[in-house]
Amino acid sequence: MLQVSDACGIKQNTFSRQIGGESALSASTLLSIIGCFADVNTEWLILGEGDILKSNEAEKVNSASKKYDAEIEIDNEGYLKIKIKQ
């Protein structure tokens, strides 16, 4: 989570509390994630509906539009998990 919060310019403790469900996910955090991960489908991020990525095929995503290469998933408890690939 530290890599994601740093990459998106979000305070780590704020990000951890919001992603962990201890506090509500703020509009500011959502906008930072959307700005940082241009390939993430905002409908999925906000509503949990649709495909995770804007493109149905991750391999065909235009790499020029990405700031970071990441894996995004929802765990068994419904929490958003984002891993930045090195």
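This is a predicted model: local features need pLDDT of at least 70, side-chain atom pairs count only at pLDDT 80 or more; totals for chains, interfaces and linings use all residues.
Residues are numbered from 1 along each chain as its sequence is written, and side-chain values use heavy atoms, with hydrogens and water left out.

The buried residues of H2 are Phe-15, Ser-16, Gln-18 and Ile-19; buried means under 20% relative accessible area, exposed over 50%, and partly exposed in between, for a 1.4 Å probe and protein chains only. Ile-19, which lies in H2, is buried with a relative accessible area of 8%. Leaving aside neighbours within four places in sequence, Ile-19 is in contact with Met-1, Leu-25, Tyr-79 and Leu-80. The C-alpha atoms of Ile-19 and Lys-81 are separated by 8.1 Å, although these residues are 62 apart along the chain. Just after H2, Gly-21 takes a positive phi of about 85 degrees.

## Overall organisation

The protein chain has four helices and two strands, and along the sequence these follow the pattern α-α-α-α-β-β. Of its 86 residues, 27% count as buried. Among contacts between residues at least 6 apart in sequence, 34% join residues at least 24 apart.

Gln-3 is found in helix H1 and is partly exposed, with a relative accessible area of 41%.

## Helix H3

In helix H3 (residues 27-36), the buried residues are Thr-29, Leu-30, Ile-33 and Cys-36. Seen down the axis of H3, these buried residues fall within an arc of 135 degrees, so they line one face of the helix; the arc is that of the directions from the helix axis to the C-beta atoms. The face turned away from this buried side carries the exposed residues Ala-27, Ser-28 and Leu-31. The cover over the buried residues of H3 includes helix H1 (2-8), helix H2 (12-19), helix H4 (42-47) and strand S2 (80-84).

Ser-32 is also found in H3 and counts as partly exposed, at 21% relative accessibility. Not counting residues up to four places away in sequence, Ser-32 touches Cys-8 and Ile-10. The C-alpha atoms of Ser-32 and Gly-9, 23 residues apart along the chain, are separated by 7.2 Å.

## Nonpolar core

In soluble globular proteins, nonpolar side chains tend to be buried together. The largest nonpolar core here has 16 residues, and those with the most contacts inside it are Val-4, Ile-33, Phe-37, Leu-45, Leu-80 and Ile-82; such a core is a set of buried Ala, Val, Leu, Ile, Met, Phe, Trp, Tyr and Cys residues joined through side-chain atoms within 4.5 Å. The elements that give two or more residues to this core are H1, H2, H3, H4 and S2.

## Pocket and cavity

On a 1 Å grid over the protein atoms alone, a cavity is a set of points where a 1.4 Å probe fits but cannot get out, a pocket is an open set with protein on both sides within 12 Å along at least five of seven lines, and lining residues have an atom within 4 Å of a point. Grid points are joined across faces, edges and corners, and a volume is the space filled by probe spheres set on the points. About 170 Å³ of space lies in the second largest pocket, whose lining is formed by Gln-18, Ile-19, Leu-25, Trp-44, Leu-45, Gly-48, Ile-74, Gly-78, Tyr-79 and Leu-80. H2 and H4 each supply at least two residues of this lining, which divides into seven nonpolar, three polar and no charged residues. In this classification Ala, Val, Leu, Ile, Met, Phe, Trp, Tyr, Cys and Pro count as nonpolar, Asp, Glu, Lys and Arg as charged, and the others, Gly among them, as polar.

The structure holds one cavity of 30 Å³ or more, and the largest cavity has a volume of about 30 Å³. Glu-71, Ile-72, Glu-73, Lys-81 and Lys-83 line the largest cavity, with one nonpolar, no polar and four charged residues by class. Strand S1 (70-74) and S2 each supply at least two residues of this lining, and its largest share, three residues, comes from S1.

Terms used:
Contact means heavy atoms within 4.5 Å.
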